[in-house]
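Could you walk me through this structure, one selection at a time? I have it open in a viewer and would like to know what to click on next.

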Amino acid sequence: MKQPAPAQRGKPAAKVKRKSREELNQEARDRKRDKKHSGLKAGNRANPETKGAGKGQGQKNADPRTGSKKPVALVADGKTVPEKKPVAKAKPKAEKVRLTPEEELAKLENDERLDTLLDRLESGETLSAEDQAWLDQTLDRIDELMETLGIALDDGAEDEQAEVDMMRLLKGN
């Protein structure tokens, strides 16, 4: 093989004509356009083109990504049997046991939660809104039951004592 001849030494290389800015811009646009249009059409995966539309028009063009439609046996003997769902039986609602007022009052008076909340109130703690609401509701129910049963608290003695104290304050003793 021959070696390429070295460039001549005395002659300057031929002047390369420089391209104007406008020509460079146009070439860049052309390259970009060619690059943009390479590849497949948008949505090709979701909507594949039908190849050979003239051939096999009677056959449905199946999506190659879908699996087999053949039913798979899930039981050991190989037969597929549709599973029957058991019909939900209507459960009878448990009727609330109606307590007599005496029993209900006894139950409320022996309630542990009520005792602990009352102890906390007496010790000066502040109760949460939920606990306070439950306590008020329970105490109101106890008052209703006591009223129904005709049981009266000994509030009369306290009222008389309060009246005596008020009289002492008014007289200035």
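Start by selecting Gly 150, which sits just after α4 and takes a positive phi of about 80°. Keep in mind as you go that this is a predicted model.

Now step back into the helix and select residues 129-149, which make up α4. Its end C-alpha atoms lie 30 Å apart, and that agrees with the 30 Å that 21 residues should span at 1.5 Å a residue.

Next, colour the buried residues of α4: Asp 131, Leu 135, Thr 138, Ile 142, Leu 145 and Met 146. These residues are on the same side of α4, because they cover an arc of only 100° around the axis. Turn to the face pointing away from that buried side and you will find the exposed residues Ala 129, Glu 130, Gln 137, Glu 147 and Thr 148.

What covers the buried residues of α4? Show α2 (101-109) and α3 (112-122), which are included in that cover.

Stay with α3 and view it together with α4. Their axes come within 11 Å and cross at roughly 115°, so the two helices count as roughly perpendicular to each other. As α3 passes α4, the crossing is left-handed. To see the contact itself, display the side chains of Arg 113, Leu 114, Leu 117, Leu 118, Arg 120 and Leu 121 from α3.

Terms used
Residues are numbered from 1 along each chain as its sequence is written. This is a predicted model: local features need pLDDT of at least 70, side-chain atom pairs count only at pLDDT 80 or more; totals for chains, interfaces and linings use all residues. Side-chain values use heavy atoms; hydrogens and water are left out. Helices (H or I, at least four residues) and strands (E, at least two) are DSSP runs, numbered from the N terminus. The expected span of a helix is 1.5 Å times one less than its number of residues. Buried means under 20% relative accessible area, exposed over 50%, partly exposed in between (1.4 Å probe, protein chains only). The arc is that of the directions from the helix axis to the C-beta atoms. Contact means heavy atoms within 4.5 Å. Axes are lines fitted to C-alpha atoms, for helices over the stretch in contact, and angles run from 0 to 180 degrees between N-to-C directions. Angles under 35 degrees count as roughly parallel, over 145 as roughly antiparallel, 65 to 115 as roughly perpendicular and the rest as oblique. A crossing is left-handed if the near helix is turned anticlockwise from the far one by less than a right angle, and right-handed if clockwise.
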